Amino acid sequence: MISFENDYSTGAHPRILEALAATNLEPTPGYGGDRFCESAVAHIRAACDDETADVFFLTGGTQTNTVVISALLAGHEGVIAADTGHIAVHEAGAIEATGHKVLTVPECDGKLRAADVKAYLEAFYADASYTHMVFPGMVFIAHPSELGTLYSLAELEELSALCRRYQIPLYLDGARLAYGLAAPDTDVTLADIARLADAFYIGGTKCGALCGEAVVFPRGGMPRHFLTHAKQHGALLAKGRLLGVQFDTLFTDDLYGEVGRTAAAAADELRRILREAGCTFFRESPTNQQFVVLENAQVEALAERIRFSTWEKLGDGRTVIRLVTSWSTTPDDLAALEAALHEVMQ
């Protein structure tokens with residue numbers, strides 16, 4: 001069955017598989033001490049325009065969010081996130097399991113607005129009993145957001161300035177960062193993110209890798225004993241070379257950019273197909289995730305031909321579904337979807 005369910009349903013980009021196979025029998029030190037990880041770190045530092053950045057490779061998105069957030073927060077602190085944020089909705093309480101509360105703020109187009117975060121912080125410190133409460137110790141955002149939307153450079157600068165004013169870190173989840181950076185009208189670059197965030201990760205799992213994420217602490221800001229903290233949380237890979245080879249490949253000859261541009265071009269075609277089929281968009285997304293509203297009967301009929309995600313039941317006989325493109329989406333996949341929608345939307 002043709003799948004638009006997510007951007008990690010296929011394996012890995014062929015160039016990554018080739019690199020893994022070519023280096024398979026070379027003995028290396030473990031836990032990220034190999035030459036592949038060292039090369040990947042150098043490439044990522046160059047891409048971030050920050051030669052002092054600390055870079056650490058972890059296995060997956062939830063592990064990365066859990067390890068980074070718990071490492072940066074004190075025991076009495078929580079993390080501010082949009083109420084649609086991944087850590088608040090789709091990570092099974094992983095952050096709370098470390099003893100840190102997720103402090104939710106209403107989303108605006110899937111994002112946090114600096115004005116809303118400012119109001120939250122001001123209200124917290126205006127409460128006479130704030131010393132008895134969970135302190136807001138970090139701001140979490142995702143770029144792209146859970147709804148495929150993007151922060152503008154001005155929005156990131158405003159959030160960054162606010163966090164620095166309150167002396168709390170700004171942490172950016174970049175699980176789909178390749179697709180955000182490749183969006184046609186974005187004005188945000190990887191170097192901008194490195195300049196404005198205190199920690200972020202470059203997604204691999206959803207951007208052409210078999211698995212893995214590259215955590216970046218700009219300006220040498222990695223917490224002390226971070227490797228030990230990662231190991232304590234079960235997120236440290238003994239065969240660190242697996243991640244090093246993949247990110248070294250992704251950041252050689254702009255493969256990471258190519259992955260993003262391929263998905264962006266497929267998303268453009270997907271939007272055309274959805275519009276011409278008469279679909280109603282739930283949210284406008286400039287990236288590889290597209291959300292449309294269908295009648296429940298249409299959802300059932302489409303599911304017989306195409307794999308997708310059910311996002312939200314609207315309670316009026318309609319359902320929001322999500323269709324996602326990736327580096328591996330082909331013209332044949334899109335043609336099959338177009339044909340299926342032509343029948344379903346009759």
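Buried here means under 20% relative accessible area, with exposed being over 50% and partly exposed in between, using a 1.4 Å probe and protein chains only. Helices (H or I, at least four residues) and strands (E, at least two) are DSSP runs, numbered from the N terminus.

A quick word on the source. This is a predicted model, where local features need pLDDT of at least 70 and side-chain atom pairs count only at pLDDT 80 or more, while totals for chains, interfaces and linings use all residues. Residues are numbered from 1 along each chain as its sequence is written, and side-chain values use heavy atoms, leaving out hydrogens and water.

Back to β7. Ala199, Tyr201 and Gly203 point one way, Phe200 and Ile202 point the other way, and all are buried.

Which strands sit beside it? Strands count as paired if DSSP finds at least two bridges between them. Strand β6, residues 170-173, runs parallel to β7 and is joined to it by two bridges; here Tyr171 has Ala199 as its bridge partner. On to β8, which runs antiparallel to β7 with four bridges; Phe200 is partnered with Val216 there. In β2, four of the five residues are buried.

Now, what does Ile202 touch? Taking contact as heavy atoms within 4.5 Å, and not counting residues up to four places away in sequence, its neighbours include Ile44, Leu190, Val216, Phe247 and Tyr256.

That brings us to the nonpolar cores, meaning sets of buried Ala, Val, Leu, Ile, Met, Phe, Trp, Tyr and Cys residues joined through side-chain atoms within 4.5 Å. The largest has 57 residues, and Ile44, Phe57, Phe200 and Ile202 touch the most other members. Helix α2 gives this core its largest share, six residues. A second, separate core has 23 residues, among them Ala81, Ile87, Phe140 and Ala175.

Last stop, helix α11, residues 241-250. Why call it largely enclosed by the rest of the structure? Because nine of its ten residues are buried, including Arg241, Phe247 and Asp248. And what covers those buried residues? The cover includes α1 (14-22), α2 (35-48), β2 (54-58), β8 (213-217), α12 (255-276) and our opening strand, β7 (199-203).
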